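Thanks for coming. I will take a few minutes to walk through one structure, starting with the sheet and ending with the side chains.

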Amino acid sequence: MVLMNLPDAGNSQGNRLAPFLELQTGAQGLPIVVLAGSADKSVAEAAVSAGAADYLIREAYDVDLLKVLHSVAVKTELPAATGRPAAATRKGGRILAFMGSKGGVGTTTVALNVAATLVKDHTVIVVDLHSELGTLVHYFLPHRSTRDIGDLFHTEEFAPRDAETCLWSCRNPAGLHVLFGSRNPENSKPISPENALTLSALVSELADYVVVDLPVSLAETNRAVIEGSDFWTLVVERDSISVQAAKLILHGVD
């Protein structure tokens with residue numbers, strides 16, 4: 001799924017739909033959900049008429065987000081991964097992967113909003129899959145002694161059972177658990193596709209939902225997580241650079 005911000009008021013409806021229509025040409029059937037303000041509902045409805053899967057109104061974001069995600073998910077049959085186990089064959093909680101078309105589009109914020117909404121009725125783990133300079137630590141400010149993903153992968157011997165000891169429990173919202181990205185340069189090293197898939201499968205056994213915040217990359221590790229997830233969301237801003245980057249990513253993932 002692609003989540004795209006529509007341009008703010010001030011332009012004609014045709015001009016405001018232009019970025020969506022441009023992205024749609026490269027989406028190759030992937031559902032696009034547009035995000036708009038309440039004053040722009042008519043533009044969002046026009047985008048749906050033009051082929052968008054659905055729309056979200058910013059003011060009702062936390063109320064309608066899960067409903068829209070579920071609606072899009074049941075309408076869309078994702079293809080099985082080539083050369084890797086399909087998500088349907090994996091046991092455990094559902095894995096939701098999030099990636100931005102470029103940096104600064106709010107991917108981490110979207111992922112956290114989804115996690116905060118899900119945790120009202122489910123157990124949720126958020127995984128910051130950044131091997132260097134994780135982003136979630138800036139949102140939660142855990143104690144410096146808190147273990148992170150770098151502690152799991154700093155040696156060649158990755159012990160999956162150790163992942164549970166690296167989960168940090170959030171007080172607000174209660175019930176949310178976080179695996180932070182690496183904060184120690186000495187522990188920062190690339191995460192292999194095999195380790196990423198092993199980690200995803202492991203934490204999915206510990207929660208109903210696993211929300212994975214991915215760095216912007218089409219490296220093999222990201223591709224493995226995307227293909228092994230139950231649902232993938234690409235977050236796109238309305239500017240031309242973000243739209244063009246999203247089209248390239250969609251072609252690369254296809």
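In what order do the nine strands of the open sheet run? The order is E3-E2-E1-E9-E4-E8-E5-E7-E6, and the pairing is mixed. At the edges are strand E3 (54-57) and strand E6 (168-169), each of which pairs on one side only. Strands here are DSSP runs of E with at least two residues, helices are runs of H or I with at least four, and both are numbered from the N terminus. Two strands count as paired if DSSP finds at least two bridges between them.

Before going on, a word on the source. This is a predicted model, in which local features need pLDDT of at least 70 and side-chain atom pairs count only at pLDDT 80 or more, while totals for chains, interfaces and linings use all residues. Residues are numbered from 1 along each chain as its sequence is written, and side-chain values use heavy atoms, with hydrogens and water left out.

Back to the sheet. Strand E5 (residues 124-128) runs parallel to strand E7 (residues 176-179), with four bridges between them. Within this part, Val127 is opposite Leu179 of E7. Helix H9 (residues 240-253) packs on the sheet and touches strands E1 (2-5), E4 (94-100) and E9 (231-236). Contact here means heavy atoms within 4.5 Å. The direction of H9 makes about 155 degrees with that of E9; axes are lines fitted to C-alpha atoms, for helices over the stretch in contact, and angles run from 0 to 180 degrees between N-to-C directions.

Next, helix H4. Why is H4 described as largely enclosed by the rest of the structure? Nine of its twelve residues are buried, among them Val110, Leu112 and Val114. Buried means under 20% relative accessible area, exposed over 50%, and partly exposed in between, with a 1.4 Å probe and protein chains only.

Two backbone details. The peptide bond from Asn172 to Pro173 is cis, with omega near 5 degrees, and Pro173 sits in the loop between E6 and E7. Leu141, although not a glycine, has a positive phi of about 50 degrees. Leu141 is exposed, at 67% relative accessible area, in the loop between helix H5 (137-140) and helix H6 (149-153).

Now the charged side chains. The whole structure has three salt bridges, meaning a side-chain nitrogen of Lys or Arg within 4 Å of a carboxyl oxygen of Asp or Glu. In one of them, Arg183 meets Asp148, with the closest N and O atoms 3.3 Å apart. Arg183 is in the loop between E7 and helix H7 (193-204) and Asp148 is in the loop between H5 and H6, so the pair ties together parts 35 residues apart in sequence. Asp148 is buried at 4%, whereas Arg183 is partly exposed at 28%.

Last, the aromatic rings. Which residues do ring pairs link into a cluster? They are Phe140, Trp168 and Phe180. Rings of Phe, Tyr and Trp (its six-membered ring) pair if their centres lie within 6.5 Å; planes under 30 degrees apart are stacked, over 60 edge-to-face, and the rest tilted. Phe140 and Phe180 are edge-to-face, 6.2 Å centre to centre with 65 degrees between the planes. Both Phe140 and Phe180 are buried. Trp168 and Phe180 are tilted, at 5.5 Å and 55 degrees. This pair joins Trp168 in strand E6 to Phe180 in the loop between E7 and H7, twelve residues apart.
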